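Let's take a walk through a protein chain together.

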Amino acid sequence: MTSNLDPDARTSYRLISVAARLVQRRQDDALAHLGLTRAAVIALEGLAGGPLNQEQLAEAIRVQSQTLGRVLLRLEGAGHITRTRQSTDRRQFKVELTESGEAILEAARREETNAYPDDPNIGWKVLSEELAKFVNALPASRNQEVVPFAPPEHRTGRRTQGTRGTGLRGMDQAGH
C-alpha cells in the first residue's frame, strides 16, 4: 500500500478531487433539463436492480439514510419512485422505481454518458478499476458520501465490458 506521505499519492488525491468537481459540474449541467441532480440519479441507479428499503438503499449507495430521505421525497413527488410502508415493520418503507423513474433513469444515463470526455486515449476500464481500489481502500465510516455511479459506457449505444464502476462524492449537504 502506498503511504499517504508518498508525493504520488498526494498528487493523485488532488487529481481525483479536481476530476470529481469537473465531472460533477458536467453531470449537473447535463441533468438540469431533466429536473434531476446527481444525488437523484445515484438513488435511481441504486433501485435499478429492484426494490429496497431506505436503509438498504442508503447502505448500497453509501450515504446517510437521512440525506437519502430528502432525495427520495423529491423523487417521489416527481412520480419517479414509490415508497410503501412495510406491513411487518411500519418504520420501514419499500422504495421502488416507477415506469416514469425507469424512463428518467435511462434518459439520465444517456445525458451523463454524453457528458464524459470523448477521448479514445482514456483507459476507462483501467481508470474504473483503479478508482474502485481507491474507494474500497477507504473505510465506509470515514466518508459516508462516497457513492457508486454508472460507468462511462462511452457514448450512447456503445457498451463496454465489465462491471459497474465506483465513483466519486455524489451528494452535497443539501442532498444534491
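## Starting from L44

Which residues is L44 in contact with, once its neighbours within four places in sequence are left aside? They are L36, L75, H80, I81, L97, I104 and L105.

## The nonpolar core

Several of these names come back when we turn to the core. The largest nonpolar core has 23 residues, and those touching the most other members are L36, L44, L68, L72, L75 and I81. Helix 2 (38–47), helix 3 (54–61), helix 4 (65–77), strand 3 and helix 5 (99–115) each give two or more residues to this core. Helix 2 supplies the largest share, with seven residues.

Now look for the open sheet: its three strands are in the order 1-3-2, and their pairing is antiparallel.

You can trace the pairing residue by residue. Strand 1 (residues 52–53) is joined to strand 3 (residues 93–97) by two bridges, and here N53 stands opposite K94. Between strand 2 (residues 81–85) and strand 3 there are five bridges. On that side, R83 stands opposite V95, while I81 has L97 as its bridge partner. Helix 2 packs on the sheet and touches strand 1, strand 2 and strand 3. The direction of helix 2 makes about 95° with that of strand 3.

## The whole chain

Stepping back, how many helices and strands does the chain have? There are six helices and five strands, and along the sequence they follow the pattern α-α-β-α-α-β-β-α-α-β-β.

Of the chain's 176 residues, 39% count as buried. Among contacts with a separation of 6 or more, 62% are between residues 24 or more positions apart. The chain exposes about 10400 Å², and carbon and sulfur atoms supply 52% of that area.

## How confident is the prediction?

The average pLDDT of the chain is 79, and 76% of the residues score at least 70. Over residues 142–176, however, the pLDDT is below 50. This stretch still has 99 contacts in the model beyond near neighbours in sequence. Where pLDDT is low, the predicted coordinates should not be read in detail.

Conventions. Residues are numbered from 1 along each chain as its sequence is written. This is a predicted model: local features need pLDDT of at least 70, side-chain atom pairs count only at pLDDT 80 or more; totals for chains, interfaces and linings use all residues. Side-chain values use heavy atoms; hydrogens and water are left out. pLDDT is the predictor's confidence in each residue, from 0 to 100. Contact means heavy atoms within 4.5 Å. Two strands pair if DSSP finds at least two bridges between them. Helices (H or I, at least four residues) and strands (E, at least two) are DSSP runs, numbered from the N terminus. A nonpolar core is a set of buried Ala, Val, Leu, Ile, Met, Phe, Trp, Tyr and Cys residues joined through side-chain atoms within 4.5 Å. Buried means under 20% relative accessible area, exposed over 50%, partly exposed in between (1.4 Å probe, protein chains only). Accessible areas come from the Shrake-Rupley method with a 1.4 Å probe; for residues, only the protein chains shown count as cover. Axes are lines fitted to C-alpha atoms, for helices over the stretch in contact, and angles run from 0 to 180 degrees between N-to-C directions.
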